[in-house]
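Please look over the sequence and the structure before reading on.

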Amino acid sequence: MSTAALTSPGATGAVLADLLPATTASRARVRDAALVLGGAALTGIAAQIALPVPGSPVPVTGQTFAALLVGASLGTRRGLLSLALYAVAGMAGVPWFAGGASGAGGATFGYVLGMLLAAGLVGGLARRGGDRGALRTAATMAAGTAAIYAVGVPFLALSTGMPLGRAVAVGLVPFLIGDALKAALAMGALPAAWKLAGRRG
């Protein structure tokens, strides 16, 4: 069965990845598997862009931005699977967490778990048009970022024994300006991608 009717640029509930052609169910499965693998790899590559933050065990990375873009572009199910693959492979020893780290239980592992949650949330919002305009994209990215911190900061506090207030001070506050810049990039990139898809459609 053709999926053309479901993948037009204006289709309600579509995400960017749905615009990739898949004319049969088997081709759709191959496409989805490639997208999931590609999203995990993109997140792992982006995680290697890591800059230390003085006084914080959490570096600035491209990892969170990649995870949010993966969720918005792939949708809830594929976004969750992609970040789950990233997390499980990293736990198993693939050195693609921030700065080439791997394994579970480190002080920053909660951010990885938060990214999994964020990818699903952002994917769901994107299916409701949350990536179609600049302001909606900003709100979508803000919601995903909040999900990352909602898991990452308490995990940081528990794993290091520091008070929650201190964890907020070193694991959230230093990153707010960078998160605003990432949201600004997404505000331009995602709506522009939809406009381009509409012209080609």
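Is D131 buried or exposed? D131 is buried, since its relative accessible area is 1%. The sections below describe its surroundings and other parts of the model.

The structure discussed here is a predicted model. The mean pLDDT of the protein is 89, and 93% of its residues reach 70 or more. Residues 1-7 stand apart from this picture with a pLDDT below 50. Beyond near neighbours in sequence, this stretch has nine contacts in the model. Where pLDDT is low, the predicted coordinates should not be read in detail.

## Salt bridges

Side chains of opposite charge can pair when their charged atoms come close. The count of salt bridges in this model comes to seven. One of them joins R132 to D131, with 3.6 Å from N to O. The arginine of this pair, R132, is partly exposed, with a relative accessible area of 25%, whereas D131 is buried at 1%.

Elsewhere, salt bridges that share partners join D18, R31, D32, R77, R78 and R127 into one network. Within this group, R77 forms a salt bridge with D32, and their closest N and O atoms are 3.2 Å apart. Because R77 lies in helix 3 and D32 in helix 1, the pair ties together parts that are 45 residues apart in sequence. D32 also meets the side chain of R78 in a salt bridge, at 2.9 Å from N to O. This second pair likewise links distant parts of the chain, with D32 in helix 1 and R78 in helix 3, 46 residues apart.

The residues of these two pairs can also be described by their accessibility. D32 is buried, with a relative accessible area of 12%. R77 is exposed, at 51%, while R78 is buried, at 3%.

## The nonpolar core

How many residues does the largest nonpolar core have? The core has 44 residues, and those with the most contacts inside it are L83, Y86, Y111, V112, M115 and M141. At least two residues of this core are supplied by each of helix 1 (25-46), helix 2 (63-74), helix 3 (76-91), helix 4 (109-127), helix 5 (134-160), helix 6 (164-171) and helix 7. The largest share, eight residues, comes from helix 4.

The contacts of M115 can be listed individually. Leaving aside neighbours within four places in sequence, M115 is in contact with Q63, T64, A67, L83 and I148.

## Helix 7

Helix 7 covers residues 176-200, and A186 has its place in this helix. A186 is buried, with a relative accessible area of 0%. Not counting residues up to four places away in sequence, A186 touches F65, T137, M141 and P191. The C-alpha atoms of A186 and A33 are separated by 24 Å, and the two residues are 153 residues apart along the chain.

L176 also belongs to helix 7. In contrast to the buried A186, L176 is partly exposed, with a relative accessible area of 45%.

## A nonpolar surface patch

Which residues form a nonpolar patch on the surface? The patch is formed by L164, V168, V173 and L176, which together have about 320 Å² of accessible area.

Technical notes. Residues numbered from 1 in each chain as written. Predicted model: local features only at pLDDT ≥ 70, side-chain atom pairs only at ≥ 80, totals over all residues. Heavy atoms only, no water. Patch = residues over 30% accessible without salt bridge, like charges linked within 9 Å, V, L, I, M, F, W, Y side chains within 5 Å. Areas by Shrake-Rupley, 256 points an atom, 1.4 Å probe, with all protein chains shown as cover. Salt bridge = Lys/Arg side-chain N within 4 Å of Asp/Glu carboxyl O. Helix = DSSP H or I, 4+ residues; strand = E, 2+ residues; numbered from the N terminus. Buried < 20%, exposed > 50% of the residue type's maximum accessible area, 1.4 Å probe, protein only. Core = buried A, V, L, I, M, F, W, Y, C linked by side-chain atoms within 4.5 Å. Contact = heavy atoms within 4.5 Å. pLDDT = per-residue confidence, 0-100.
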